[in-house]
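Hi,

Here is the structure I promised to pass on.

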Amino acid sequence: MEHTVFHEFGLLWLVPILPLMGAALLGLLGRKIEYKGSKHPWGNDPARYDFDWHDPDAHGHGDHAAHEAHVEGHDGHGHGGHSHDLDLDVHEHAEHHLAPGQTHGGMSLINYIAMGTVLASALITTYALITLIGANGHGHDNVALRQVLYNWIFVGNTNIELAFLADRLSIVMMMIITWIGFLIHLYSTGYMAHDANHWRFMAYLNLFIFAMLILVMGDSLLVLFVGWEGVGLASYLLIGFWHTSMDNAKAAMKAFVVNRVGDFFFVMGMLLIYWNVGRETGVWTLNVYELSAHAPVLTGVMFGGAMMVTVATLCLFVAATGKSAQLPLYVWLPDAMAGPTPVSALIHAATMVTAGVYMICRMNAFFALAPTTLTVIGIVATLTAFFSATIALVQNDIKKVLAYSTVSQLGFMFMGLASGAFWVGIFHVMTHAFFKACLFLGSGSVIHSNSDEQDMRKYGGLRTMMPATAATFMISWLAISGVPPLSGFFSKDEILHQLHGATFMGFGELRMPWLGTLLWGIASAAAMLTAFYMTRQVYMTFFGENRADPEVKSHIHESPASMTIPLWVLASLAAVGGFIGFIFFEPWVVLEHWLAPILTGTEKVHEFAAEVGHPAHSAFGESGWATMGTMGYATLSAVLGIASILFARSIYAKGYKDDEERSFWASMPGLHKTLYNKYYVDEIYAATVVAGVMALSRLCSWCDRTVIDGIVHGVAWSVRGLKSLVGAIDRFGVDKIGVEGTANVIDKLGSVARLFQTGRIQTYLVWTFIVLLVLVASLQGGFKALF
């Protein structure tokens, strides 16, 4: 990194703390605020209020007891992925009747607390950005805002501070998190307004914003890791918000467990970097700036025949595959759609899933020294983008299509990192946050209006019924499809351009200059598939005849302003946001130059590419894309995307027709079945990893029951046997023989002695006479023997 000047910024700590205060306040008082004034004998149990309790028989649930039994089994939410008749009945009435004791005042106060704290955080972040822009315009190489709260860990030569950092990289992420987070909060006030435990949902959202800010603002790997784990916990709570549904609970658990696999490798990578940098330089630190300054020392350290920097960065990349849903750890993200739709927009579009991209950019000084790692990232990312895009082609759940689209777009972000153009990855993070958050929230608006129905085959014709939702959704559709001049066009095509010009290396000195072209071809195909499946989704949802059930159709309506205002803001950003990274003319390459002092690893990658005779297209100091060649790439990419849109339109122009889709796939039934079943990856995981873990757990259980318990029981048996032996010796040896035997002998001897001790003189005289006779007889016998 270039020379960095740190400025103290006293308000920085408020950026993450304000959302945390909102979460704490809602966690402690939210329930009382939301249900204050309840006079119903059921008290303040929100689960009991999730239906119209005034007239239970009106819904065909029978008597009051049966109705209550139904409520006990209900998952307690107002909107989600359930189409059960009873759920629809409950939700329908929930939309028209506030729960007993639930007041508008209480709901409003909860919303004000949740939104107000995030809005205040966003305003302070904006002020920090303005301060940062002003400070960087005064001749310094790089100015960063920093605030140290206290010395967290001080052991030996290691001093880790709890400090927050707002530099050119983190401020971009902070703006995305706080402002888009605020829009999603605003949307949630409408989408979740009738859901029981509304206060809990808003508290979880605030907690997630806090953890994500800690992740991007930490100035050390350890603080970053605290946020890394924090978003994992918050996502677990949000995905499993409707936890009384077993599917939702399993989805939350799956996300939590899969992310733990990646987290293990994060710790490994962090410790490898900490230990080896400390050992080589004597600087024992986890500060990201200090570590980056000493990154080159790891190239001289070997580990098992590979450079230590390669091993450490591979560990960090595995961690990123977990958090950012890349092969093979992507499986949690599609299932995480079980959570409320605002969660999908927040976690799967704007924040958590981009944490891996951010972490690699933060550690770019190390990744730039590990060309083998960049090659691995490029291959994995490209395969992920293509693989997930093919699955999205045939999914019928509106959120599942977007989920696999997110996995695919994350692959594009990693492609940018792998090509050495780290700034492009952040560029696509930003544009993706705009259009994908808009798409997720738009899908939520559709689901909300269609009584929780998520199957696109039961939509159609919503363009006229929901004009605001349709218009914003279609703007974002064109943006993600790469139609110029919308935001996705600039970021995606710059990634493709960088990928084509990248030089990749294998292990050792093996160079693979052809690999960039190959990956570019696959990525271009993935981009065309993106345009196809997004067009399919738009036409199935908003065009043709409406295919909803009459009862559902009668209730379709446009969403309230609290939901459509965020849609319009995000759609506007999706339309024009790409110009911040405008790449055709040098003076307008704003984002690249803004991030250049932070992402200095980019220069090292380009220097390496120049050394091997294959320079990248967009090195700093060059004229960017202002060449006919680059214009040609952009034109080709745009033409391919538009052609893909037109091809999809030819199939779905009149909305969804089951026969037409069947005829399209008729020549490829095997492929359609494979894609529809998502390549059977979940089944393969279940048959291998899960079955292996279960078999291992059963083996461990058997060892526990048989070996461990056997040893314990054997020892117990031995002790019991020894105890019995000792008891027997005690009873028979000591007591019977030793004590009682001696007593018996003495008693017998006493009995004999009593024959002589009668106390009568006659007896003594008789015995004296007998003894004398014996003595005389003995003497006579003795004399005879002598003589």
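Helices (H or I, at least four residues) and strands (E, at least two) are DSSP runs here, numbered from the N terminus. On that basis the protein chain comes to 30 helices and 7 strands. Bear in mind that this is a predicted model, so to speak of local features I needed pLDDT of at least 70, and side-chain atom pairs count only at pLDDT 80 or more, while totals for chains, interfaces and linings use all residues. Residues are numbered from 1 along each chain as its sequence is written, and side-chain values use heavy atoms, with hydrogens and water left out.

First, burial and contacts. I call a residue buried under 20% relative accessible area, exposed over 50% and partly exposed in between (1.4 Å probe, protein chains only). Of the 787 residues in the protein chain, 54% count as buried. Contact means heavy atoms within 4.5 Å. Among contacts between residues at least 6 apart in sequence, 78% join residues at least 24 apart.

Now the core. A nonpolar core is a set of buried Ala, Val, Leu, Ile, Met, Phe, Trp, Tyr and Cys residues joined through side-chain atoms within 4.5 Å. The largest one has 221 residues, and Met-359 and Ile-360 have the most contacts inside it. H17 gives the most to this core, with 17 residues. Leaving aside neighbours within four places in sequence, Met-359 touches Leu-224, Trp-228, Phe-266, Leu-316, Ala-319 and Ala-320.

Helix H12 (residues 341–350) is worth a look too: 10 of its 10 residues are buried. Those residues pack against helix H5 (168–191), H6, H7, helix H11 (332–335), helix H16 (398–418) and helix H17 (422–449).

On to the aromatics. Rings of Phe, Tyr and Trp (its six-membered ring) pair if their centres lie within 6.5 Å; planes under 30 degrees apart count as stacked, over 60 as edge-to-face and the rest as tilted. The count by this rule is 23 aromatic pairs. Take Tyr-204 and Phe-241: their ring centres are 6.3 Å apart and their planes at 90°, so this pair is edge-to-face. Tyr-204 sits in helix H6 (residues 198–217) and Phe-241 in the loop between helix H7 (221–239) and helix H8 (246–281), so the pair links distant parts of the chain, 37 residues apart. Both Tyr-204 and Phe-241 are buried, and together with Phe-201 and Trp-242 they form one aromatic cluster.

Arg-146 lies over the face of Phe-6, at 5.8 Å from the ring centre, and Arg-260 over that of Phe-256, at 4.3 Å.

Key
Lys NZ or Arg CZ within 6 Å of the ring centre and 35° of its normal.
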